[in-house]
Amino acid sequence: MKFLDQAKIYVRSGDGGRGCVSFRREKYVEFGGPDGGRGGNGGDVIITAADNLNTLIDYRYQQHFKAGNGRGGAGRDRSGAAGNDLVLRVPVGTQILAEDKETVLFDLATAGERVTFMKGGDGGFGNAHYKSSTNQAPRRFTPGYPGEERTLWLRLKLIADAGLVGLPNAGKSTFLAACSAAKPKIADYPFTTLSPNLGVVQIGSKRDHKTFVLADIPGLIEGAHEGHGLGDRFLGHVERCRVLLHLIDGTDENVAQNYKTVRAELKAYGQGLARKAEIIALNKCDALDAAAIKRKTAALKKAGKKPVYAVSAVTGKGMDKILGLIAGKIR
């Protein structure tokens, strides 16, 4: 299934039905009088978060949605039927934004959460509503009120406990595949990952185990906040994470500069990513000797002013320790 995390759609709630002008006419009823019923209400636009969806691809090929209109009233004080509600199902973690693509109207972060985004128009009154002692044969009625129409954006932010960040080819997809059952695409060229991937990590014994969700996003490069490479559009998927695991390619000579490059992009993006808890890991240590690991770990520690852990997603070296640290940060 193609991953899509943004969609622009047009929605409209239903119009209300018009009221009816009718008079009771029966052979043996001396005084009939008005009996026109009111129109039915238009359908509402409801948006609900479904836990069995993980992409907005359903809104890629259809962008216009309309709730049902209310039916008109009828004689014998019969009200018109209400219009059918329009229910839009979106993945958990979807934000509903206004047309300016900046104002967040709703944030559906819980499975089953429902919001009535727009109400349908009210049905109009029939002439029976206007009868009185001084107006016993009114011919007045009201048409149904129109529904609302809006343009909105849907933006998906995946729900994950921890996120993987780093330059392209830092080994993020290999790390995710090594610690979970996820099967991301892995290759020896930059930007192998074109869309975010999620994996459920389980650590500890079967009786006393801990699980958390780990998100892998496409790699960042210098100038990502200006649109270079794949840009920073996927950083929104780690905004909800409690901790970031920053992977550095150990086979690169300038590991300190690589670390600073990604940190600069996180800071330029904003949304509090630069202030999140961070764990720094020097990856691909299976391709380095002890002296190189020591030298590059020291350079990273000086650049990040935090502890640096040497890991290898291929051999599993240091994986248990780093996963335990992530679980501790999440708690």
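In β3, R12 finds its bridge partner in K66. The strands involved are β1 (residues 6-12) and β3, which pair in the parallel sense over three bridges. Two strands count as paired if DSSP finds at least two bridges between them. Helices (H or I, at least four residues) and strands (E, at least two) are DSSP runs, numbered from the N terminus.

This is a predicted model: local features need pLDDT of at least 70, side-chain atom pairs count only at pLDDT 80 or more, and totals for chains, interfaces and linings use all residues. Residues are numbered from 1 along each chain as its sequence is written, and side-chain values use heavy atoms, with hydrogens and water left out.

The sheet is open and has five strands, in the order β3-β1-β8-β5-β6. Its pairing is mixed. β3 (64-66) and β6 (104-108) are the edge strands, each pairing on one side only. From one strand to the next, the twist averages 25 degrees.

## The three-stranded sheet

A second open sheet runs β4-β2-β7, again with mixed pairing. β4 (86-91) and β7 (114-118) stand at the edges with a single partner strand each, so one side of each has no neighbour in the sheet. Neighbouring strands here are turned by 30 degrees against each other on average, direction ignored.

β2 (residues 45-50) pairs with β4 in the parallel sense, over six bridges. Within this pairing, A49 has V90 of β4 as its bridge partner.

## Helices α2 and α3

α2 and α3 (residues 290-304) pack at an angle of about 35 degrees, and their axes are 8 Å apart. Axes are lines fitted to C-alpha atoms, for helices over the stretch in contact; angles run from 0 to 180 degrees between N-to-C directions. The crossing is right-handed, that is, the near helix is turned clockwise from the far one by less than a right angle.

From α2, V255, A256, Y259 and K260 meet K296, A299, L300, A303 and G304 of α3. Contact means heavy atoms within 4.5 Å. By class, this contact has six nonpolar, one polar and two charged residues. Ala, Val, Leu, Ile, Met, Phe, Trp, Tyr, Cys and Pro count as nonpolar, Asp, Glu, Lys and Arg as charged, and the others, Gly among them, as polar.

K301 also lies in α3. Not counting residues up to four places away in sequence, K301 touches K306 and V308. K301 and D286 are 15 residues apart in sequence and 20 Å apart in space, C-alpha to C-alpha.

## Cavity and pocket

The structure holds one cavity of 30 Å³ or more. On a 1 Å grid over the protein atoms alone, a cavity is a set of points where a 1.4 Å probe fits but cannot get out; a pocket is an open set with protein on both sides within 12 Å along at least five of seven lines; lining residues have an atom within 4 Å of a point. Points are joined across faces, edges and corners, and a volume is the space filled by probe spheres set on them. The largest cavity holds about 30 Å³. Its lining consists of G166, L167, A170, H246, L247, I248, D249, N258 and V262. β12 (243-249) and α2 (255-269) each give two or more of these residues. The largest share, four residues, comes from β12.

The largest pocket holds about 330 Å³. Of its 22 lining residues, N169, G171, K172, T174 and A187 are the closest to the centre. α1 (residues 172-179) gives the most to this lining, with three residues. By class, the pocket lining divides into seven nonpolar, nine polar and six charged residues.
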